[in-house]
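Please take me through this structure. I am new to it and would like to start with its open space and its helix packing.

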Amino acid sequence: MKYTIDSLHQAYDEKQVSVSEVVSSYTKRIAQLNPTLNAYLTVDEEAIAEQVSKLPKYDKHRFPLWGVPISVKDNYCTKGMHTTAASNVLKDFVPQYDATVIRKLREAGAIILGKTNMDAWAHGSSTETSDFGPTKNPHDITRMPGGSSGGAAVSVAADLCVAAVGTETAGSIRQPASWCGVIGLKPTYGRVSRYGVIAMASSTDSPGPITKTVADARSILRVIAGHDPLDATSLPDRLADTSETKKTITIGWSSTYLDGVSPDVKHGFEKTLQALEQKGHHIQEISLMSPQLSIAVYTVIQRAEVSSNLARFDGIRYGNPRSLFGSEAKKRIMLGTFVLSVGYFDAYYLKAQKVRTLIINDFKRAFKTVDAILAPTAPTTALKLGESAKYPFFGEIMDVLVEPSSIAGLPGISFPIGKDDHNLPIGMQLLAPWKEEQRLLRLTAEFNPEVEQVL
Amino acid sequence: MATKNVKKDFSKHDIDYLVELSKLTVTESEEATITSQLSQTLEAVNTMEAIDTSQVEPTYQTNGLENQFQTADMPHTQLTQKEALSGAPKTDGTHFITTGNTFTS
């Protein structure tokens with residue numbers, strides 16, 4: 001099977017298959033593999049049938065995602081379909097409205113197959129903190145998929161959908177994409193509306209696509225990007241239709257992003273840098289602040305915003321009582337409450353927002369001399385299940401290389417570049433200046449990254 | 001000017017207070033783990049103190065948008081009373097029923 005948006009539309013063009021056939025082959029595959037992988041939390045066959053029956057006449061130009069089966073991370077509100085954020089607090093929650101991203105996907109003709117597993121409330125980088133059990137990495141089911149969009153990345157890697165939408169606050173799209181060998185694009189903060197996405201850290205939350213090809217990431221971004229009056233931080237700028245025409249550009253790299261990176265990943269990085277040079281790009285070493293520094297900044301900002309965002313779950317208007325919060329959410333809420341409290345606000349929250357300015361200035365300075373930055377996405381390839389519980393902030397350690405760009409609101413893309421000695425995918429990331437998603441997509445397309453179908 | 005207090009670790013008393021402020025519940029064994037893990041987190045977070053930010057303004061929002069107000073043409077969907085109450089565990093048909101505020105200290 002292994003459809004991409006383009007190959008599926010070609011099959012529709014040539015009338016090789018019907019949308020019902022495609023959808024039912026996916027639901028069958030999910031029924032067969034999901035008990036092992038636990039990528040989906042909800043697959044609503046009735047809702048799928050209804051979407052298929054309501055599709056307009058086939059027109060891939062007017063409806064760029066017509067008949068494309070898509071998986072949705074379970075923190076997007078979907079009208080009439082369970083939305084749990086993988087937490088027992090929202091176990092029985094059924095939203096009364098669609099998130100803007102969901103509305104746009106539906107309007108573009110996409111078929112929402114179901115809702116994918118994640119770290120509860122998107123707190124983590126393992127998908128092990130889900131209240132509904134961990135998701136397994138299809139490359140090796142004894143390993144984690146990464147997270148928090150772990151179910152989304154696995155749904156793409158194991159071909160349980162054509163493409164997925166996830167969300168990233170600091171790493172939650174790029175890191176699982178890297179560990180599962182697929183493509184993950186985190187757009188510029190504000191490029192894609194957060195309306196109807198269960199909020200984690202509102203100042204960095206960024207919805208985005210996880211896909212098998214760069215072309216698919218571009219197609220989905222085109223559909224979901226754009227100004228939304230319902231999100232006050234939504235960018236008014238339109239997404240550029242195509243990238244700039246300059247064929248070769250300057251790509252920077254910083255040795256600070258290689259500290260503590262495993263030898264296999266480091267080797268992959270060097271190979272990628274050479275490949276960029278062979279394609280005619282100019283490579284330039286730059287000096288970026290140590291990403292280690294961002295762990296403290298991100299921890300403070302994220303916990304503070306979490307404590308405020310999760311205060312709304314009172315178990316009165318909807319959802320279950322707060323006593324059902326898992327341990328990870330409790331820790332985050334408590335530390336957030338602390339850093340925002342009288343007497344400590346200046347030393348923690350305000351201080352973190354000031355260091356954030358320094359991180360932004362560091363990138364601004366770098367982007368005066370380079371057009372894009374290459375770095376590994378994660379310090380290691382996929383780790384064994386159970387590892388995440390050993391660290392008080394596992395997520396921050398695994399996301400160290402994506403945190404600075406997330407804190408700064410920059411766009412970034414992770415793509416697979418090969419395998420390590422354990423036959424696990426290695427991911428690299430490219431960063432570009434604010435609003436330059438098209439540059440990232442064009443540059444990544446030069447590699448024509450191959451997403452291998454597993455299982 | 002506000003004082004810049006840096007905390008070294010959390011005591012059981014601190015954690016009890018944060019639990020109450022956050023309206024959470026923790027078991028005794030959970031509390032011990034949380035106290036030790038949050039103290040470790042605090043240690044990592046305190047590394048920020050070494051960075052000189054005396055000449056730096058904070059950034060709360062990264063894309064520069066300011067004062068975004070609701071406009072007249074903003075899409076507006078209103079939930080019906082039935083829809084608004086549909087997820088509530090306890091209602092009288094027209095209102096949510098709360099358990100009241102139990103903040104004690």
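The questions below take up a pocket and then a pair of helices in this predicted model.

Q: How much space lies in the largest pocket?
A: Rolling a probe the size of a water molecule over the atoms shows where empty space is left. For the largest pocket, that space comes to about 1,100 Å³.

Q: Which residues are the closest to the centre of the largest pocket?
A: The lining has 42 residues. By class, 18 are nonpolar, 11 polar and 13 charged. The closest to the centre are A:Cys77, A:Tyr97, A:Asp98, A:Tyr195 and A:Gly196.

Q: Which helix gives the largest share of the lining of the largest pocket?
A: Both α4 (100-107) of chain A and α3 (81-85) of chain B supply at least two residues of the lining. The largest share is five residues. That share comes from α4(A).

Q: Are α9(A) and α11(A) roughly parallel, roughly perpendicular, roughly antiparallel or oblique?
A: Two packed helices are described by the angle between their axes and the distance between the axes. Here α9 (residues 292-309) and α11 (residues 346-369), both of chain A, have axes 9 Å apart and an angle of about 130°. Roughly perpendicular ends at 115 degrees and roughly antiparallel needs over 145, so this angle counts as oblique.

Q: Is the crossing of α9(A) and α11(A) left-handed or right-handed?
A: Residues in contact include A:Val297 and A:Ile301 of α9(A), and A:Ala352 and A:Ile359 of α11(A). By class, the contact has nine nonpolar, two polar and two charged residues. The crossing of these helices is left-handed.

Methods:
Residues are numbered from 1 along each chain as its sequence is written. Chains are lettered from A and ligands numbered from 1 in the order in which they are written. This is a predicted model: local features need pLDDT of at least 70, side-chain atom pairs count only at pLDDT 80 or more; totals for chains, interfaces and linings use all residues. Side-chain values use heavy atoms; hydrogens and water are left out. On a 1 Å grid over the protein atoms alone, a cavity is a set of points where a 1.4 Å probe fits but cannot get out, and a pocket is an open set with protein on both sides within 12 Å along at least five of seven lines; lining residues have an atom within 4 Å of a point. Grid points are joined across faces, edges and corners, and a volume is the space filled by probe spheres set on the points. Helices (H or I, at least four residues) and strands (E, at least two) are DSSP runs, numbered from the N terminus. Ala, Val, Leu, Ile, Met, Phe, Trp, Tyr, Cys and Pro count as nonpolar, Asp, Glu, Lys and Arg as charged, and the others, Gly among them, as polar. Axes are lines fitted to C-alpha atoms, for helices over the stretch in contact, and angles run from 0 to 180 degrees between N-to-C directions. Angles under 35 degrees count as roughly parallel, over 145 as roughly antiparallel, 65 to 115 as roughly perpendicular and the rest as oblique. A crossing is left-handed if the near helix is turned anticlockwise from the far one by less than a right angle, and right-handed if clockwise. Contact means heavy atoms within 4.5 Å.
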